[in-house]
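Good morning, and thank you for joining this meeting. I shall take you through one protein chain, and I ask that you keep its structure in view as I speak.

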Amino acid sequence: MKITRQQTETGQSGESRAPSLVFPANSGEPARRSRRPRLAVNLPLLLLSLMAVVSLFPLYWLFVSALTPSQYSLKMPPDLFPVHASFENFQRLFQYTPVFKWMSNSLLIALSVTAFHVLFDTMAGYGFAKKRFAGSKALFWIILATLMVPFQVKLVPVFKMVTTLGLADSFWGVVLPSFADVFGIFLMKQYLQTIPSELIEAAYVDGASELRIFWQLIIPLAAPAIAALSIFSFVGSWNSFLWPLIVLRSGDKYTLPVGIATIQGEFSQDWGVIMAGGAIAVIPMTIFFLLFQRYFLEGVRTGALKG
């Protein structure tokens, strides 16, 4: 605190004014204020970076194990970096297993399931979002309620249906129960509700048919949601293990997850080859996601905020 004396001034009353006290501004307050916003920005960024490292570490460990020869795969403590890196595991995987045949089977099934999901889920979502018919709301909630039923409960009746139709040990037996997906219908309905109904009415006025409206108007406008649905469908079908394992019986028709599972022996397990197969299985999913990443994020954000 700094005390200054001002000159005494005499007024009409003859009284003098008291000395004034001058308090300098607190120089530490602006620094504290500047540190608080910086901390508020850096702390969430630090937490997100930590979560990203934790989430990506299993993927990193998968590739490290795939590049580690078998004699070093069970080393304790394990190496965090591929010190003895080699492609020995990949060579043995390609040499002793029909991995390319498994990959082509998985790709065919995943693309087929994705195409059917995009078509039928979008059609159903458009119907529930923009069409009004008797019992539409009740039917939608009934369909949505089936999400609470686990797949294991439906496994036996669906398998009996596939067997009765003669589709066991065929790709159609894997694809047929996945023609439509409840989550996909819900996602497309929530997104299509954000499209103004005036656009559809204007198309009707111009004489457009229902099929033309759906193909030339709804499909382009729903591109972000379709991209998100495609990623969900492709990744889910590519990673599917239980249903292809039950339906497919021939080794040349196995999908990649089922084929990798057959590498494990009854009394021994070649972890290097198994990890190499897992690394091969991750690559198509990563490429598919990177291709549609922008549309995927846009579709999820718009569907979540405007739905």
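**Salt bridges, helix packing and buried residues**

I begin with a pair of charged residues: the side chains of Arg92 and Glu88 form a salt bridge, with 3.7 Å from N to O. Please bear in mind throughout that this is a predicted model. Both Arg92 and Glu88 belong to helix 3, which covers residues 88-96, and they stand four residues apart, about one turn of the helix. Glu88 is partly exposed, with a relative accessible area of 29%.

How many salt bridges does the structure hold? The number is two. In the other pair, the side chains of Lys131 and Glu210 meet at 3.1 Å, N to O. Lys131 is in the loop between helix 4 and helix 5, while Glu210 is in helix 10, so this pair ties together parts that are 79 residues apart in sequence. Lys131 counts as partly exposed, at 25% relative accessibility, and Glu210 also counts as partly exposed, at 35%.

The secondary structure comprises 15 helices and two strands. Of the 307 residues in the chain, 32% are buried. If we take the contacts with a separation of 6 or more, 70% of them join residues 24 or more positions apart.

With that background, we may turn to the packing of helices. Two packed helices are described by the angle between their axes and the distance between the axes. Helix 3 packs against helix 14, residues 271-291, at an angle of about 85°, and their axes are 8 Å apart. Helix 3 and helix 14 are therefore roughly perpendicular to each other. On the helix 3 side, the residues that meet helix 14 are Asn89, Phe90, Arg92, Leu93 and Phe94.

A second pair is helix 10, residues 210-221, and helix 11, residues 223-238; their axes come within 5 Å and cross at roughly 70°. These two helices are therefore roughly perpendicular to each other. The contact involves Ile219, Pro220 and Leu221 of helix 10, together with Ala223, Pro224 and Ile226 of helix 11.

Helix 11 also holds Ser233. Is Ser233 buried or exposed? Ser233 counts as buried, because its relative accessibility is 6% and the cut-off for buried is under 20%. Leaving out residues up to four places away in sequence, Ser233 touches Thr114 and His117.

My next subject is Asp121, which lies in helix 4, residues 99-130. Asp121 is buried and yet has no salt bridge. Where is the nearest side chain of opposite charge? That side chain belongs to Lys154, and it is 12 Å away. The side chain of Asp121 does, however, reach the backbone nitrogen of Asp181, at 3.1 Å. Beyond residues up to four places away in sequence, Asp121 touches several residues, including Phe116, Ala180, Gly184, Ile185, Met188 and Leu229.

Asp181 leads us to helix 8. At the start of that helix, a side-chain oxygen of Asp181 comes to within 3.3 Å of the backbone nitrogen of Phe183. Helix 8, residues 182-192, is mostly covered, with nine of its 11 residues buried. Among the buried residues are Gly184, Ile185 and Met188, and these three also touch Asp121.

Two further residues deserve a brief mention. Asp169 is found in the loop between helix 6 and helix 7, and its phi is near 60°, a positive value in a residue other than glycine. In general, most residues other than glycine have a negative phi. Asp169 is buried, with a relative accessible area of 18%.

Finally, Ile246 is located in helix 12, residues 242-247. Ile246 is partly exposed, with a relative accessible area of 29%. Apart from its neighbours within four places in sequence, Ile246 is in contact with Leu155 and Phe159. Ile246 and Leu155 are 91 residues apart in sequence, and their C-alpha atoms are 9.5 Å apart in space.

That concludes my presentation, and I thank you for your attention.

Conventions. Residues are numbered from 1 along each chain as its sequence is written. This is a predicted model: local features need pLDDT of at least 70, side-chain atom pairs count only at pLDDT 80 or more; totals for chains, interfaces and linings use all residues. Side-chain values use heavy atoms; hydrogens and water are left out. Buried means under 20% relative accessible area, exposed over 50%, partly exposed in between (1.4 Å probe, protein chains only). Lys and Arg count as positive and Asp and Glu as negative; His and the chain ends are not counted. A salt bridge is a side-chain nitrogen of Lys or Arg within 4 Å of a carboxyl oxygen of Asp or Glu. A polar contact is a pair of N or O atoms within 3.5 Å; within protein, one must be able to donate a hydrogen and the other to accept it, and residues adjacent in sequence count only if both atoms are side-chain atoms. Contact means heavy atoms within 4.5 Å. Axes are lines fitted to C-alpha atoms, for helices over the stretch in contact, and angles run from 0 to 180 degrees between N-to-C directions. Angles under 35 degrees count as roughly parallel, over 145 as roughly antiparallel, 65 to 115 as roughly perpendicular and the rest as oblique.
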